Amino acid sequence: MFCEKAIELIKELHRMGDGQLPAFNEEGIRQVLEEMKALYQQNQSDVNEAKCEGRSELIPTIKFRHGCLFRNQRCIAAYLYDRLLRIRALRWEYGSVLPTAIRFHMCAEELQWFNQYKKSLATYMRSLGGEEGLDITQDVKPPKSLYIEVRCLKDHGEFEIDDGTVILLKKNSQHFLPRWKCEQLIRQGVLEHVVS
Amino acid sequence: MIGTMPDTETGEENCMEENLQRVRKGDVKASVHRMEIDRIRFVLSSYLRSRLQKQYEERTRIYYILLAISQTMSDELSEASDLSADDNQDVMTPAELIAKLEEAWLNEKFSPELLENKSEIVECVMEQLTHMEENLQRVRKGDVKASVHRMEIDRIRFVLSSYLRSRLQKIEKHFPHILEKDKSRAEGDPSFLSPQEFAFAKEYLANTETYLKAVALRHMPPNLQTVDMLKAVPEPCLDSFVFLRVKERQENILVEPETDEQREYVVDLEEGSQHLMRYRTIAPLVASGAVQLI
């Protein structure tokens with residue numbers, strides 16, 4: 001059946017659930033594109049035939065193929081666009097540097113898009129207010145207290161706080177840190193907020 | 001006022017306690033002395049307590065004075081920036097400014113479409129924030145008032161970030177429609193997007209189009225190489241329902257029918273009342289500030 005491969009792509013994304021990025025299915029895309037090419041060629045020859053020899057019974061087939069072509073295009077665009085939205089969410093979650101495991105799942109063009117998006121966002125944030133701008137990827141949750149208790153989930157190395165003190169973030173150590181400094185580390189999974 | 005602190009008492013008490021240890025058990029003297037020690041200890045701790053109390057009060061008083069000073073300073077600041085921005089505008093105090101920001105934030109958070117940009121407010125608040133941060137730098141370490149101010153800064157920054165974030169999210173979600181609307185607005189009308197947001201939206205559109213083209217569209221048959229973004233990307237749903245509180249009394253608001261069986265009707269919105277209505281009906285009122293989304 002036509003369009004099956006394209007639907008398969010969409011299903012694959014759908015099965016992954018929220019926010020997860022499966023590996024880029026280059027093979028699937030290639031197959032859909034090939035199917036489209038074949039459909040298009042068949043259509044063209046049929047159109048020629050219908051025109052020259054006046055075979056009007058071919059017209060419904062042509063219309064059907066045309067519909068399939070549109071459907072394929074729509075599916076591929078949806079697949080790619082949905083992946084972009086997921087990649088975009090990753091920028092907000094992980095900051096400007098993505099973990100290698102995720103980069104591995106992206107194709108070269110997606111990386112390019114990501115870099116460009118990063119740049120646009122950075123330009124936008126820099127242009128806000130004063131000369132330094134405002135990092136709006138911070139302060140995601142409303143602040144409840146100034147300092148929070150955090151536990152280290154992995155070795156992160158040294159970490160400097162505002163007043164210049166340097167602390168060592170070792171696995172399983174607990175610290176009492178300013179909230180605005182560790183929000184990003186929490187989202188990256190380095191620290192865990194201890195709620196007692 | 002707190003007097004200077006004499007520091008010998010505690011020593012004396014310890015001394016008496018030691019003496020008491022040496023007295024043999026069951027001695028009448030001992031209990032008399034014990035009583036004496038307890039009395040002295042009570043006086044001592046009560047003295048120390050009252051000193052602490054006074055210190056605390058003094059500190060609080062100083063804090064309020066400093067707060068008032070910073071308030072007046074920022075008053076002047078916002079006055080200056082307001083005057084330079086718009087001469088006809090009334091002078092805004094920081095409290096009013098923050099209230100305005102919160103209003104804009106809530107409206108933006110709950111409305112399905114992008115509202116008019118409030119870049120003056122954003123700029124003023126940013127200025128305020130840097131100003132407050134500067135003030136904080138001057139405060140010495142471990143001061144009580146520093147952490148209170150820090151908290152305040154954090155809260156304001158959260159509201160501001162959240163406001164800008166929700167705008168940016170809407171732009172990303174509906175970028176073709178927003179750019180289209182911006183293109184079709186009449187000459188001289190204020191844009192819904194701030195210049196920075198406009199630049200961002202344009203880059204986002206160009207970037208996404210380039211990407212789609214590079215990965216798939218250019219491999220497709222010639223008649224299918226473009227995707228109409230206006231059709232492909234969802235439009236903001238203006239028929240979604242929103243909660244609102246009425247700030248200025250409104251009469252004769254026309255509510256359009258939802259289904260074919262219903263008929264349109266007219267409602268009056270009393271000041272202070274709260275409603276759940278479709279956004280489309282009250283969109284102009286949100287824009288004019290007559291109602292507040294909650």
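Predicted model: local features only at pLDDT ≥ 70, side-chain atom pairs only at ≥ 80, totals over all residues.
The contact between the two chains draws on 47 residues from chain A and 42 residues from chain B. About 4,000 Å² is buried between chain A and chain B, and carbon and sulfur atoms contribute 69% of that area. On the chain A side, A:Tyr81, A:Tyr124 and A:Leu146 provide 15% of the area buried against chain B, more than any other three residues. Seven residue pairs in polar contact are found across the interface, with both residues at pLDDT 80 or more. Four helices of chain A, namely H2 (26-53), H3 (59-94), H5 (108-126) and H6 (179-188), each supply at least two residues of the side that touches chain B. The largest share of that side, 13 residues, comes from H3(A). By class, the chain A side is made up of 25 nonpolar, eleven polar and eleven charged residues. According to the UniProt annotation "domain: GINS subunit" (unreviewed entry), residues 43-128 of chain A form the annotated span. Those residues are 81% helix and 0% strand, with the end C-alpha atoms 53 Å apart.

The search of the whole structure returns 20 salt bridges over all chains, of which one crosses the interface of chain A and chain B. In this bridge the side chains of A:Arg88 and B:Glu172 meet at 2.0 Å, N to O. A:Arg88 belongs to helix H3 of chain A and B:Glu172 to helix H5 (residues 144-173) of chain B, so the pair joins two chains. Both partners count as buried: A:Arg88 has a relative accessibility of 12%, and B:Glu172 has a relative accessible area of 3%.

Chain B contains nine helices and five strands, in the order α-α-α-α-α-α-α-α-β-β-β-β-α-β along the sequence. Of its 294 residues, 37% count as buried. Among contacts in chain B between residues at least 6 apart in sequence, 67% join residues at least 24 apart. The UniProt record places the feature "domain: DNA replication complex GINS protein SLD5 C-terminal" (unreviewed entry) at residues 236-294 of chain B. This span is 17% helix and 42% strand, and its end C-alpha atoms lie 19 Å apart.

Within chain B, a network of salt bridges links B:Glu108, B:Arg167, B:Lys170 and B:Glu197. B:Glu108 is located in helix H3 (residues 94-110) of chain B and is buried, at 1% relative accessible area. The side chain of B:Glu108 reaches the backbone nitrogen of B:Leu115 at 3.4 Å. Beyond residues up to four places away in sequence, B:Glu108 touches several residues, including B:Leu114, B:Tyr163 and B:Ser166. B:Glu197, in helix H7 (residues 195-215) of chain B, is likewise classed as buried, with 2% relative accessibility. With residues up to four places away set aside, B:Glu197 touches A:Tyr124 of the other chain as well as B:Asn117, B:Arg167, B:Ile171 and B:Phe192.

B:Leu114 lies in the loop between H3 and helix H4 (119-138) of chain B and is buried at 6% relative accessible area. Apart from neighbours within four places in sequence, the contacts of B:Leu114 include B:Glu108, B:Arg167 and B:Lys170, along with B:Ile178 and B:Leu193.

B:Asp239 takes part in two further salt bridges, with B:Arg278 and with B:Arg280. In the pair with B:Arg278, the closest N and O atoms are 3.8 Å apart. That pair links distant parts of the chain, 39 residues apart, with B:Asp239 in the loop between helix H8 (229-232) and strand S1 (241-246) and B:Arg278 in strand S4 (residues 274-278). The side chains of B:Arg280 and B:Asp239 meet at 3.0 Å, N to O. B:Arg280 is in helix H9 (residues 279-288) of chain B, so its bridge to the H8-S1 loop ties together parts that are 41 residues apart in sequence. B:Asp239 is partly exposed at 33% relative accessible area, B:Arg278 is buried at 13%, and B:Arg280 is partly exposed at 43% relative accessibility.

In chain A, A:Asn172 has a positive phi of about 70° although it is not a glycine. Most residues other than glycine have a negative phi. A:Asn172 is placed in the loop between strand S3 (166-169) and strand S4 (174-178) of chain A and is exposed, with a relative accessible area of 57%.

Conventions:
Residues numbered from 1 in each chain as written. Chains lettered and ligands numbered in written order. Heavy atoms only, no water. Contact = heavy atoms within 4.5 Å. Buried area = accessible area lost by both parts, 1.4 Å probe. Salt bridge = Lys/Arg side-chain N within 4 Å of Asp/Glu carboxyl O. Polar contact = N/O pair within 3.5 Å; in protein donor to acceptor, adjacent residues only side chain to side chain. Nonpolar A, V, L, I, M, F, W, Y, C, P; charged D, E, K, R; others polar. UniProt positions renumbered as here; feature names shortened; annotations may be inferred. Buried < 20%, exposed > 50% of the residue type's maximum accessible area, 1.4 Å probe, protein only.
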